[in-house]
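Visitor: Could you walk me through this structure, please?
Guide: Gladly; let's look at it together.

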Amino acid sequence: MEGLRIPGPTPCPAEVLEAMARQMINHRGPEFGRILLDVTAKLKQLFQTKADVFLLTCSGTGGLEAAVVNSLSPGDKVLSVSIGFFGERFAEIAKQFGAEVLPLHYEWGRAADVDDIRRALEKEPEIKAVLVTHNETSTGVTNDLAAISAVVKEFDKLLLVDAISSLGSIELPVDDWHCDVTVTASQKGWMAPPGLAMVSVSPEAWRAYEKARMPRYHWDFGKAKSFLERSQTPWTPAVSVVFALDIALEMMLKEGLDNIIARHARVAQAARDGVKSLGFALFAEEKYASNTVTAVAAKEGVDIKKLLKIMREEHQIVLAGGQQKLGGKIFRIGHMGWVNEEDIEAVLQALKAALPKAAVQ
Ligand SMILES: *Cc1c(COP(=O)(O)O)cnc(C)c1O
């Protein structure tokens, strides 16, 4: 499918797909060991971190669960800063493992307000960690993570970040912004297929790990670290996805992180300008509109479901609808990873052609 414009999985370049066709190798042998160390080193460059980085064989949600169970104990108070569907998922994971979740939840489409976070942290000194989504894929909003992090660290709390749809596409210097556990996933901005979550673990997160008592086995960061010291993962990894990610990271480093970030900004601006010129409004507060996914508000007279169907069937372009309560209320254009201005131009041209046929009956 050429016109896959959803916010993950995202299209992969041919070189990346070819890497997936490689024969299996011993995941505990020297060749895989070299690739694993190399992939980890490249990820550290793109995370802008000197902290530990691990590959986990799972989707992004597994990475979020790993962040929770390696940092917290049952009964710990955590502040959940949620601006949408994925923020609520992060909170739900913490709740399932017995954390006491204090919600600071915003109307979908809005960004979090740092003053609210400061007030919440002042009011409840026992809060141990703050859970935050950097880029909320369900609403197309990017939080001001630098400002949020500054407040969280003013109070000396642990910062657990869902950066699944931002890292590698939108500026996020993990060390400069003091993120303790940062989670992303291969099928978002990394031009690779689904199958791997990538997480960074700061020294402060390691101190929390020592005291954390939530049950963990498969996600145990201590096991990941001790195996990585031997150039291995604790469990059989998604070998083919590691091959693919290796090539994708090579391409990303060649382009350069600054160029990648600038490209995403340009592409996103083109998407926003384009949908507005078709008479749509953005769903997100424009100041916080995401550079990896554009959420477009439904407009009167247009049947969104029908519009997406026409786009798919007549223009071979797959867009995403709204999740949960946003079903039928928005549609989303994914523009993360392997994407340029021409891809967006094609989406806009197709939307223009499809719109007159998508009128509400
Ligand atoms: C995609 C996404 C997730 C979920 O990731 P899966 O890989 O589907 O488990 C969580 N958070 C954000 C912000 C995402 O974009």
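**Sheet and helices**

Guide: Please keep in mind that this is a predicted model. Five bridges link strand β3 (residues 77-82) with strand β5 (residues 127-133), and the two run parallel.

Visitor: Which residue in β5 does S80 stand opposite?
Guide: β3 and β5 are joined as a parallel pair. The residue in β5 that S80 faces is L131.

Visitor: Which strands are the edge strands of the open sheet?
Guide: Seven strands make up the open sheet, with mixed pairing, in the order β2-β10-β9-β8-β5-β3-β4. An edge strand here pairs on one side only, and that holds for β2 (52-57) and β4 (100-105).

Visitor: At about how many degrees does helix α8 run to β2?
Guide: Helix α8 (residues 221-228) lies across β2 together with β9 (181-185) and β10 (196-201). The angle of α8 to β2 is about 105 degrees.

Visitor: Are α10 and α12 roughly parallel or roughly antiparallel?
Guide: The axes of helix α10 (residues 257-277) and helix α12 (residues 341-354) come within 9 Å and cross at roughly 15 degrees. Angles under 35 degrees count as roughly parallel. Therefore α10 and α12 are roughly parallel.

Visitor: How many residues of the contact of α10 with α12 are nonpolar?
Guide: On the α10 side, R266, V267, A270, A271, G274 and V275 meet E341, I344, L348 and L351 of α12. The contact residues divide into two charged, one polar and, as the nonpolar share, seven.

Technical notes
Residues are numbered from 1 along each chain as its sequence is written. This is a predicted model: local features need pLDDT of at least 70, side-chain atom pairs count only at pLDDT 80 or more; totals for chains, interfaces and linings use all residues. Side-chain values use heavy atoms; hydrogens and water are left out. Two strands pair if DSSP finds at least two bridges between them. Helices (H or I, at least four residues) and strands (E, at least two) are DSSP runs, numbered from the N terminus. Contact means heavy atoms within 4.5 Å. Axes are lines fitted to C-alpha atoms, for helices over the stretch in contact, and angles run from 0 to 180 degrees between N-to-C directions. Angles under 35 degrees count as roughly parallel, over 145 as roughly antiparallel, 65 to 115 as roughly perpendicular and the rest as oblique. Ala, Val, Leu, Ile, Met, Phe, Trp, Tyr, Cys and Pro count as nonpolar, Asp, Glu, Lys and Arg as charged, and the others, Gly among them, as polar.
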